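Subject: Structure for you to look at

Hello,

Here is the structure I said I would pass on. Please open it beside this message; my notes follow below.

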Amino acid sequence: MKLLILLVIVLGVIAIAQLTKVYELTRSLRKTREEEISHADNKMNATLMLVWMFVFFFFTIVLYVKYQDYLPEAASEHGVAVDKLMNVNIWMITIMFFIVNGLLFWVSYKYYYRKDRKARFFVHDNRLEMLWTMVPGVTMAFVIVYGLITWNNMTGPAGKDAIQVEIYSRQFDWTARYPGSDKVFGSANVNLISTTNAMGMVSEGAISLEIHSIDSLIQEIETTLEANAVLSTLPESAVEVMKDQLYRHKRHKQRILDLKEFDLSGVSGWAAGADDNIVKGEFHIPKGIEVEFIFKSQDVIHSAFMPHFRAQMNAVPGVPTRFKMVPTISTTEMRQKLNDPEFNYVLYCNKVCGVTHFNMQIALVVDEPAEYAAWLAKQKTFGGVAVPATEPELTTPSDSLKKDTVQATALTIQDSKR
């Protein structure tokens, strides 16, 4: 079979070569130059251009009809506005597509080369310049203004009753944080980030635990260096590395000690973080209520992408970003619409952030308001207690509660993973 295919290919090449020779022979008999194209060939090509225009447009329309709206149903109020914006842009592009390509094919058909015709040449025409400057300019101005209005509606100030959710990203993981009953996020600091305090939440316990960990490392390095001073068992390069590590640990410890100077009382200080809910693996938001997302990143630029809500925002290290939305379709309702009991909304990372970027996602559940309140009441807080269903009077956590905050964070993360 392979030999037969090879023979067909070889015979095809030979046939093409022979046809080329026949063409060259007929051209020499007609005594014409190679670059000269006959009137019949020009007319045929012009006609084929017109035929191809109709074929091209026909299959374009077929694709429009076949795929129509390829996006999933919008599940937020502003998602409907984004879809409308996109549809306006698509129809403007489609109209210009047919006009420009129609003119291109028509001009190619009507003005194909003839020996008895000469093209008119003119250097400049103010009317044409005005036409192809003003039309795109006005069109682009409309698109930009319309887009900015939609964008500002998404990123403008949230209402006073909006629910705040902080989305914290790092390679390759998402963490959600809710401000608790006091409606205020607790303080966080990059110097306190550790395996048991992924968000760097600031508390007396977190500071004490991190200082204890650093002191252990410092003591270990100093003991090794003292032993080496007597025995000289380490090479000079290793000693220099250990001295550099010792210097860095001491600087890190000093930065953490400096945090104590900023301990504030009340909801604006460390106490505000005691009732914050830290959730991993899956987070919830209520249907029909405005939600304000605050995005932060620990390491590189990530991009929080929620396709069903037409929402995407970069998470930039050191620069909190935000947008707001009102979910309109709960997870249960969407499962019924799609006839898929396994369906879940998902928050993806839409920025290539490293080797396992493809797996950086977190499930997002849209509940009815009552279901959301019940779910939130079951979540442990950074201080290790459940959030009451009603808003309690704000109190300052006890000293023992502060000391246990970091251990409670680890338990919260483990419980959420289960």
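How many of the five residues of strand β6 (residues 302-306) are buried? Four are, and the strand is mostly covered. Buried means under 20% relative accessible area, exposed means over 50%, and partly exposed lies in between, with a 1.4 Å probe and protein chains only. Strands (E, at least two residues) and helices (H or I, at least four) are DSSP runs, numbered from the N terminus.

Before the rest, two notes on the source. This is a predicted model, in which local features need pLDDT of at least 70 and side-chain atom pairs count only at pLDDT 80 or more, while totals for chains, interfaces and linings use all residues. Residues are numbered from 1 along each chain as its sequence is written, and side-chain values use heavy atoms, with hydrogens and water left out.

The chain as a whole: it has ten helices and ten strands. Of its 418 residues, 35% count as buried.

Back to β6. Two strands pair if DSSP finds at least two bridges between them. Strand β6 runs antiparallel to β7 (residues 311-315), with five bridges, and antiparallel to β9 (residues 345-349), with two bridges. A304 has M313 as its bridge partner in β7 and C349 as its bridge partner in β9. The hairpin of β6 and β7 has four residues between the strands, and R310 there takes a positive phi near 55°.

Next, the open sheet. Five strands form it in the order β3-β2-β1-β5-β8, with mixed pairing. Its edge strands, β3 (277-280) and β8 (321-325), each pair on one side only. Strands β1 (residues 163-170) and β2 (residues 173-178) are antiparallel and share five bridges; Y168 stands opposite T175 in β2. Helix α8 (residues 369-378) packs on this sheet and touches β1, β2 and β3; contact means heavy atoms within 4.5 Å. The direction of α8 makes about 100° with that of β2. Such axes are lines fitted to C-alpha atoms, for helices over the stretch in contact, and angles run from 0 to 180 degrees between N-to-C directions.

That is what I have so far.

Regards
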